[in-house]
Amino acid sequence: MDAKQDEATLLDLLRQRDEIAFTRLVEQYHPSLVRLARLFVQDESLAEELCQETWLAVLQGLHGFQERSSLKTWIFTILTNKAKTRSRRDSRTLVFSDLEPDGLETPTVDPGRFNDASSGLRADHWAVEPASWAGIPEEVVLSGETLSKVRQTIEGLPANQRTVITLRDVEELSSQEICNILGISESNQRVLLHRARARVRGALEDYLQPER
Amino acid sequence: MANEMTCKELVELVTEYLEGTLPAEVRTRMEQHLAGCEGCTHYLEQMRQTIRLTGQVREENLNAAQRDDLLRLFRGWKKE
């Protein structure tokens, strides 16, 4: 059965108030939903509360759900809208206007990595070339330590970059879905994603090639 | 060639390249640069690895307390 059919069957069962179907749904999406909520609210119990409110709204909205988007995107949108409403009255929530990039054209790679025009070498070409990671054993690349480095770096990103990289590269939503959920333009979404990925790459380079 | 892309320019276009949103003309210039530049080829490959690794950081498990809370919520709704 393909994913779309699977989702239609699940929806049918949910609309009949089937508890096992609901358990499957929360097993599939609750961890992602908590991750999303934590992007908007720092406080863990507040994030759980937001998720609970979202699930209730999902249950109450099941019959009205038009299936124009995937179930996941619909659920994520409900949570995001609840977080937006909350941010207007609760200072512990991310202010959604902060989701736009700051407009500064800061380079994402240290300018010191490139030849200076005065060096006599080809200007703006690598002075210190990135190395291939192909020779690094897969068990090192995919080790728990490497992954916790990635996690830490993402946690240290500005909220807007953290939100976009989490939705795109952790949750693997499409850019279009992300723009719809967050209410930002495609180009802003891409700028934030680019900065976030470049920061994670830089952290991985420092970690995987400490001798560099 | 006056129009040649520099490495410094290329690194800022990597996300648009991977997302498939670069104008065709820029994409061609980028591919021409990549064909002759090992550093940028490695940079692009590192970005691909970065994306792959970021996709591995999901923690998937629902804990018992969360499950209980959600089932309570469901049963409350079912009775409505």
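# Close-up views of a predicted two-chain model

**View 1. The surroundings of B:Glu60 in the predicted model.** Once its neighbours within four places in sequence are left aside, B:Glu60 is in contact (heavy atoms within 4.5 Å) with A:Glu27, A:Pro31 and A:Arg35. B:Glu60 is placed in the loop between α4 (38-54) and α5 (64-79) of chain B, where helices (H or I, at least four residues) and strands (E, at least two) are DSSP runs numbered from the N terminus. With a relative accessibility of 32%, B:Glu60 counts as partly exposed, a class that lies between buried, under 20% relative accessible area, and exposed, over 50% (1.4 Å probe, protein chains only). This is a predicted model, in which local features need pLDDT of at least 70 and side-chain atom pairs count only at pLDDT 80 or more, whereas totals for chains, interfaces and linings use all residues. Residues are numbered from 1 along each chain as its sequence is written, chains are lettered from A and ligands numbered from 1 in the order in which they are written, and side-chain values use heavy atoms, with hydrogens and water left out.

**View 2. Chain A as a whole.** Chain A has nine helices and zero strands, and its C-alpha trace spans about 70 × 40 × 30 Å along its principal axes. Of the 212 residues in chain A, 50% are buried. Among the contacts in chain A between residues at least 6 apart in sequence, 62% join residues at least 24 apart.

**View 3. The largest nonpolar core and A:Phe22.** A nonpolar core is a set of buried Ala, Val, Leu, Ile, Met, Phe, Trp, Tyr and Cys residues joined through side-chain atoms within 4.5 Å. The largest one has 63 residues, and those with the most contacts inside it are A:Phe22, A:Leu25, A:Phe40, A:Trp55, A:Ile75 and A:Leu182. Helix α2 (residues 19-40) of chain A supplies the largest share of this core, 11 residues. Apart from this core lies another, of 20 residues, including A:Trp126, A:Ala198, B:Val26 and B:Met47. In soluble globular proteins, nonpolar side chains tend to be buried together. When neighbours within four places in sequence are set aside, A:Phe22 is in contact with A:Leu14, A:Trp55 and A:Leu59, and also with B:Leu70, B:Leu73 and B:Phe74.

**View 4. The packing of α1(A) against α2(A).** Helix α1 (residues 3-15) of chain A and α2(A) pack at an angle of about 130°, with their axes 9 Å apart; axes are lines fitted to C-alpha atoms, for helices over the stretch in contact, and angles run from 0 to 180 degrees between N-to-C directions. That angle makes α1(A) oblique to α2(A), because angles under 35 degrees count as roughly parallel, over 145 as roughly antiparallel, 65 to 115 as roughly perpendicular and the rest as oblique. On the side of α1(A) the contact is made by A:Asp6, A:Glu7, A:Leu10, A:Leu13 and A:Leu14, and on the side of α2(A) by A:Ala21, A:Phe22, A:Arg24, A:Leu25 and A:Tyr29. These residues divide into seven nonpolar, no polar and three charged, where Ala, Val, Leu, Ile, Met, Phe, Trp, Tyr, Cys and Pro count as nonpolar, Asp, Glu, Lys and Arg as charged, and the others, Gly among them, as polar.

View 5. Among the buried residues of α7(A) are A:Arg162, A:Arg168 and A:Asp169. A:Glu172 lies in the loop between α7 and α8 (175-182) of chain A and has a positive phi of about 55° although it is not a glycine. At 56% relative accessibility, A:Glu172 counts as exposed.

**View 6. A:Cys179 in helix α8 of chain A.** A:Cys179 is found in helix α8 of chain A and, at 6% relative accessibility, counts as buried. Not counting residues up to four places away in sequence, A:Cys179 touches A:Ile184, A:Ser185, A:Glu186 and A:Gln189. The C-alpha atoms of A:Cys179 and A:Val164, 15 residues apart along the chain, are separated by 9.3 Å.

**View 7. Helix α9 of chain A and A:Asn188.** Of the 23 residues of α9(A), 17 are buried, so this helix is largely enclosed by the rest of the structure. A:Asn188 is found in helix α9 of chain A and touches A:Glu100 and A:Pro101, not counting residues up to four places away in sequence.
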